[in-house]
Amino acid sequence: MLTAVAADVSPILVVDDDAKIVQLVRTYLEREGFTVITAADGPTALAALRERRPRLVVLDVMLPMLDGLAITRIVRAESEVPILMLSARGAPADRVLGINEGADDYVAKPFSPAELVGRVKAILRRAERPEERRRDQPVPFRDLVIDPARQEVRRAHALLDLTTGELKLLLALVEADGRILTREALLDSLYGDGEADVMERSVDVYIRRLREKLGDDADHPRYISTVRGAGYRTAPEP
């Protein structure tokens with residue numbers, strides 16, 4: 001079994017057959033205090049996963065012998081270790097494919113090393129967040145406070161006029177902590193599983209209304225970003 005272990009003894013595994021990319025990612029992660037191990041092909045990556053049990057994997061899609069998608073399928077059959085996928089294929093369909101296979105996030109090459117480190121930290125916050133938080137506790141997000149128990153969202157103590165559905169979508173996006181949520185995943189947040197008769201595009205209507213009430217600009221988002229062809233996520237902090 002592949003299992004993630006305590007953060008203080010577990011490295012980050014960087015898998016890429018491009019030595020320059022490996023060194024770049026390694027340098028930036030080590031600057032932030034992470035321990036890094038590397039692999040240049042699929043079989044070596046799986047061996048490192050089983051032997052070292054990393055806390056997170058930065059995984060290239062195009063690898064010798066066994067590609068990143070195949071590795072992700074193998075790992076997801078055995079473990080929930082977080083996976084940040086890298087690929088020169090940046091089309092929305094490729095991002096969706098990687099996430100559907102089980103990746104936690106997807107970064108297209110060429111990428112900003114600083115952004116990659118930020119994504120790694122965000123994924124680790126989600127993965128290592130204590131599970132004791134009660135689901136009805138207020139959730140802070142930027143200048144907002146989302147209160148599931150009261151079904152309220154406030155900004156500077158002023159109550160925002162959100163519907164229950166809009167609050168559910170906002171809470172789902174915030175709890176995803178930067179991870180892309182597909183329209184299907186957001187529909188599950190609204191209606192639960194199995195609502196086949198609900199059009200996915202109704203999510204776009206909810207998001208548009210939510211943005212209007214938050215005073216958010218889709219072109220320069222402060223709260224909610226659109227990932228074309230994939231779904232929605234919380235906007236990066238300025």
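Two strands count as paired here if DSSP finds at least two bridges between them. With that in hand, here are some close-ups of this predicted model.

**View 1. A four-stranded open sheet.** Four strands line up in the order S6-S7-S8-S9, and their pairing is antiparallel. At the edges sit S6 and strand S9 (158-160), each of which pairs on one side only. On average, and ignoring direction, neighbouring strands of this sheet are turned by 30 degrees against each other.

**View 2. Zooming in on S6 and S7.** These two strands run antiparallel and share three bridges. Look for valine 139: across from it, in S7, stands isoleucine 146.

**View 3. A helix laid over the sheet.** H6 stretches across S6, S7 and strand S8 (152-155). Its direction makes an angle of about 110 degrees with S7.

**View 4. The largest nonpolar core.** This core has 26 residues, and the ones touching the most other members are Leu144, Ile146, Val153, Leu170, Leu186, Leu214 and Ile224. At least two residues each come from strand S6 (139-141), strand S7 (144-147), helix H6 (164-176), helix H7 (183-191) and helix H8 (202-214). The top contributor is H6, with eight residues.

**View 5. Around leucine 144.** Set aside the neighbours within four places in sequence, and leucine 144 is still in contact with Val139, Val153, Arg154, Arg155, Leu160, Leu170, Leu214 and Tyr223.

Methods. Residues are numbered from 1 along each chain as its sequence is written. This is a predicted model: local features need pLDDT of at least 70, side-chain atom pairs count only at pLDDT 80 or more; totals for chains, interfaces and linings use all residues. Side-chain values use heavy atoms; hydrogens and water are left out. A nonpolar core is a set of buried Ala, Val, Leu, Ile, Met, Phe, Trp, Tyr and Cys residues joined through side-chain atoms within 4.5 Å. Buried means under 20% relative accessible area, exposed over 50%, partly exposed in between (1.4 Å probe, protein chains only). Contact means heavy atoms within 4.5 Å. Axes are lines fitted to C-alpha atoms, for helices over the stretch in contact, and angles run from 0 to 180 degrees between N-to-C directions.
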